[in-house]
Amino acid sequence: MNTPVPSTVKSEFLRTMLERGYYHQCTDVEALDKKFSEGVVVAYNGYDATADSLHVGHLLPTMIQRWLTKCGARSLLLMGGGTTKVGDPSGRDETRQLLTNDQINANIAKIRTVFDRLFNFGDGPGQATLVNNADWLDKLEYIPFLRDIGRHFTINRMLTFDSVRLRLDREQPLTFLEFNYMILQAYDFVELNRRYGCVLQTGGSDQWGNIVNGVDLGRRISNADLFGLTCPLLTTSSGAKMGKTAAGAVWLNADRLPDWDFWQFWRNTEDADVGRFLKLFTELPLDEIARLEALQGAEINEAKKILATEVTKLVRGPEAAEAASETARRTFEQGAMAEGLPTVEVKAVDLETGIPLYILLAQSGLAASNGEARRLIKQGGAKVNDEAVSDDAARITSGQLTADGVIKLSAGKKRHALVKPV
């Protein structure tokens with residue numbers, strides 16, 4: 001169903017997708033291009049509420065929705081209040097933890113706080129609407145749903161989709177509950193088309209099978225002309241999965257990841273990825289990105305700082321971006337114990353007897369575990385007050401407190417945290 005991209009596209013949105021690197025696949029790109037010329041397009045992207053924050057992996061398809069609104073389309077941000085109760089098996093070897101209605105609703109409320117910065121909410125062109133698929137999925141009657149919707153899906157075809165096939169190939173269990181996920185997601189598209197006139201679903205390339213199911217189901221039961229468009233699943237130039245660090249996921253909500261750590265994640269972008277990430281995760285003009293991308297040697301660090309500040313401004317707000325940038329300037333350029341660095345509070349009495357360095361490295365997020373912290377120390381990557389420490393049995397004591405009343409921990413040259421007695 002994927003169609004080749006024509007040599008030229010007329011719509012501002014598709015032109016932006018191609019020029020900035022968002023485009024991966026589209027079910028019918030020429031017809032979709034024509035659809036944009038006929039009036040206001042309504043498009044959606046789905047988010048399950050399995051946690052109380054989205055992470056960097058969600059940011060790419062969310063940026064597509066933001067560009068849709070900037071190009072005059074209407075965005076539906078579909079929260080999976082219903083599908084979260086089932087769990088998407090895509091890319092997983094185990095069943096997701098089942099959450100209660102209260103947990104799901106609390107997660108949706110927290111996720112909304114980031115959307116409030118990224119979108120202008122309303123019901124018109126250039127605006128976004130938050131929608132919850134629990135509004136229709138919770139009301140489905142099982143037998144009528146199987147008769148009306150389930151008959152359009154064959155087990156033979158469902159077994160070919162990656163979310164199912166890969167789990168079975170690894171001989172990992174796939175519950176009947178999870179097996180229904182792709183049917184429910186396809187039905188979401190049909191409901192959104194009926195309720196809001198939605199004709200386009202966006203998502204990561206791992207959602208291609210589910211999206212195509214929705215396009216096909218809409219044609220079968222409503223004769224609807226629906227479209228799907230996916231963005232690539234990003235890896236860094238070194239092959240690492242985008243959005244993963246030693247300390248875990250890069251969360252979008254500040255209460256899950258401090259502003260400084262979020263800013264620093266982008267500041268640590270590999271040189272070869274700077275231009276690509278500036279196109280995908282900022283709204284800087286392409287000519288300015290080309291100038292920044294062309295910087296060489298130490299000058300590329302200035303481009304990384306701009307990347308970090310621009311993304312933080314979008315996701316966390318201008319004040320958070322400015323504060324994180326200033327913290328970086330004081331830390332790296334002045335060597336100061338800048339406020340804003342991640343801080344671990346410890347009991348003063350414990351510092352009197354000493355706390356193992358590896359424990360503090362893990363607690364501060366500079367290492368993902370005690371074992372990783374020990375390896376970091378042995379390999380010479382750990383510092384205390386800018387002095388290298390190679391003994392993994394080293395202990396941190398009150399005698400190492402600086403004039404600022406804190407102890408500075410470092411992992412490599414770019415990641416820092418403070419230990420503060422209380």
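Contact here means heavy atoms within 4.5 Å. The model is predicted: local features need pLDDT of at least 70, side-chain atom pairs count only at pLDDT 80 or more, and totals for chains, interfaces and linings use all residues. Residues are numbered from 1 along each chain as its sequence is written, and side-chain values use heavy atoms, with hydrogens and water left out.

**Nonpolar cores**

A nonpolar core is a set of buried Ala, Val, Leu, Ile, Met, Phe, Trp, Tyr and Cys residues joined through side-chain atoms within 4.5 Å. Buried means under 20% relative accessible area, exposed over 50%, and partly exposed in between (1.4 Å probe, protein chains only). The largest such core has 102 residues, and F13, L200, F262, W266 and F281 have the most contacts inside it. Helix α10 gives the most to this core, with 9 residues. A second, separate core of 23 residues includes L360, A373, L376 and V419. In soluble globular proteins, nonpolar side chains tend to be buried together.

| Residue | Contacts (heavy atoms within 4.5 Å) |
|---|---|
| L200 | F13, L32, F36, V42, A43, Y44, L68, F189, F227, G228, L229 |
| W266 | V56, L59, M242, F277, F281, K304, L307, A308, V311 |

W266 is found in helix α12 (residues 259–267). W266 counts as buried because its relative accessibility is 0%. Between W266 and T327 there are 14 Å in space, C-alpha to C-alpha, and the two are 61 residues apart in sequence.

**Helix α11**

Helices (H or I, at least four residues) and strands (E, at least two) are DSSP runs, numbered from the N terminus. Helix α11 covers residues 208–222, and its 15 residues reach 21 Å from first C-alpha to last, close to the 21 Å expected at 1.5 Å a residue. That expected span is 1.5 Å times one less than the number of residues.

α11 is mostly covered, with 11 of its 15 residues buried. Among them are W208, I211, V212, V215 and L217. The buried residues of α11 pack against β1 (25–26), α7 (155–158), α10 (181–196), β5 (200–204) and β6 (227–231). N223 follows α11 and has a positive phi, near 55 degrees.

**A partly exposed leucine**

Which helix holds L146? L146 is found in helix α6 (residues 142–148). L146 is partly exposed because its relative accessible area is 35%.

Terms used
Lists of a residue's contacts leave out its neighbours within four places in sequence.
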